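User: I would like to learn how to read a few features of a structure, taking each general idea before the case at hand. Could we go through them one by one?

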Amino acid sequence: MTSQTTIGTAGPGDKAPADPSDRSSASGLRGHPWFTLITVAVGVMMVALDGTIVAIANPAIQKDLNASFADVQWITNGYFLALAVSLITAGKLGDRFGHRQTFLIGVVGFAAASGAIGLSGSIALVVTFRVLQGLFGALLMPAALGLLRATFPAEKLNMAIGIWGMVIGASTAGGPILGGVLVEHVNWQSVFFINVPVGVLALVLGTLILLDHRAENAPRSFDILGIVLLSGAMFCLVWALIKAPAWGWGDGKTWMFVAVSLVSFALFSLWETKVKEPLIPLALFRSVPLSAGVILMVLMAIAFMGGLFFVTFYLQNVHGMSPIDAGLHLLPLTGMMIVGSPLAGAMITKLGPRIPLAGGMVSVAIAMFGMSTLEVDTGSATMSLWFALLGLGLAPVMVGATEVIVGNAPMELSGVAGGLQQAAMQVGGSLGTAVLGAVMASKVDGDLPGNWADAGLPKLTPAQLDQASEAVQVGVAPVGKGTPEAIAAKIADVAHDTFISGMSLASLVAAGVAVVAVGVALLTKRGENAEAGAGAAHI
């Protein structure tokens, strides 16, 4: 399918200024870089917040809608699967039709799907609208990066991405706190209804402020087969990662989906060399810095998402904190990301990305090593130190890797580059949770029988041991009803000690991944095409 788009000049009020530094005076509010940043930040906040806020609402949803545990898992999995599969294609849509349009459609669709979830009376409808949330979120995220790339001159792009990263980090980490307050004091529906006024605000701001930009050689056709092959490959990969903990890494179904994914990726790569306007021109990856940036995002997400996955269980199930208290204990992480992201943007502008990125991953590695030393009775001060160091390391990586990916891509592929950045994070997060989860499961399965016997507890049948192991993997003591208090205390001690040993090993693996990422960070450099953004044509 091919259609033509005329790249023309804007109306009198929208005419592109000759010099990027004159942008605000020439265009007023419409197209103003900093107002554009505020607008896209409001929209992106919804998507980032929904990645974590819903986890707090899941128990209430399960109880209210009489859902099974598997049903509740799909509330999260359906969202992330739709998001991961659609991001690159959504970025291409932005490159083709303009990032302003795709951003506004994403905002409206995301807010509408959120409201529909709040009105849903069955788990099937909740999951269906969560998938729609993911699809519309995929439209919104790359478009936001494309708008920033096109609006900001090169010398200010890093600062803009720094603030953008700060919003994502704060929203992601603040989700459990806000979700806990809403579920506890209002209801689970309010977790979704809150997106409606935010979406309306983003729509109003976007209509008034956003100015579309498109490169002169923007794509004019769609690579339909490429979309099908890439979407299939991403679906099979993420599906395998989601299901691996339940199926097992040795199960044939897990490796069947991995194999189908690899074959689909291979066919996609072959097809992209044949088609006139490919979905992702493979020449894009001839840029070593861009490829390094994508790999770095994957490795960062493995270490961060995978490691943080167990920390929430540690705080709530081992330390016995409420969801709100657990969220508050993660404030040092959130705070350092909020403070560190704009500072990282300024540092990267001055020094280039290589040193801040490598230093950030060193900080992440040290933080994950520190988290491997946490014990059952570790105090808040020690936890806060490692959480703060983790946030300090993540800030320059989120900012710098994003700039490296988007800045090293041609302007006409800024949406695809934004999709690559977000897809790398989603795949890395899924991979981190699956792989570190497998490490945790293996360690618990290996240690629990011996620890149980050493404590003098009654012998368990194989089926009982499997059930106990599943509980211990998330820090829960498998204490049955009517268990004497003394025995229950022993079971809790064994469960928590075994969980800690598993979390320690998983954190060490995450630290090792971060060390590898330090080497990858040394291959990055400032975006070669960053200057093209500020001169993009206005539509």
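**The second largest pocket**

Analyst: In this predicted model, α16 gives the most to the lining of the second largest pocket, contributing five residues. The space in that pocket comes to about 420 Å³. Among the 19 lining residues, those closest to the centre are M234, F265, F285, V294 and L420.

User: Which elements give two or more residues to the lining of the second largest pocket?

Analyst: They are α9 (224–247), α10 (252–272), α11 (288–318) and α16.

User: How do the residues of that lining divide into nonpolar, polar and charged?

Analyst: The lining of the second largest pocket holds 17 nonpolar residues and two polar ones, with no charged residue.

User: Let us turn to salt bridges. How many does the count come to, and where are they?

Analyst: The idea is to look for a side-chain nitrogen of Lys or Arg within 4 Å of a carboxyl oxygen of Asp or Glu, and by this rule the count comes to two salt bridges. In one of them the side chains of K253 and D251 meet at 3.4 Å, N to O, and in another K443 meets D447 at 3.3 Å, N to O.

User: Why are K443 and D447 separated by about one helical turn?

Analyst: In general, an α-helix has 3.6 residues a turn, so residues three or four places apart point the same way. Here K443 and D447 are separated by about one helical turn because they are four residues apart in helix α16 (residues 414–454).

User: How should I read the length and course of helix α13?

Analyst: One compares the span with that expected at 1.5 Å a residue: α13 (residues 331–351) has 21 residues and reaches 29 Å from its first C-alpha to its last, close to the expected 30 Å. Just after α13, G352 takes a positive phi of about 90°.

Notes: Residues are numbered from 1 along each chain as its sequence is written. This is a predicted model: local features need pLDDT of at least 70, side-chain atom pairs count only at pLDDT 80 or more; totals for chains, interfaces and linings use all residues. Side-chain values use heavy atoms; hydrogens and water are left out. The expected span of a helix is 1.5 Å times one less than its number of residues. On a 1 Å grid over the protein atoms alone, a cavity is a set of points where a 1.4 Å probe fits but cannot get out, and a pocket is an open set with protein on both sides within 12 Å along at least five of seven lines; lining residues have an atom within 4 Å of a point. Grid points are joined across faces, edges and corners, and a volume is the space filled by probe spheres set on the points. Ala, Val, Leu, Ile, Met, Phe, Trp, Tyr, Cys and Pro count as nonpolar, Asp, Glu, Lys and Arg as charged, and the others, Gly among them, as polar.
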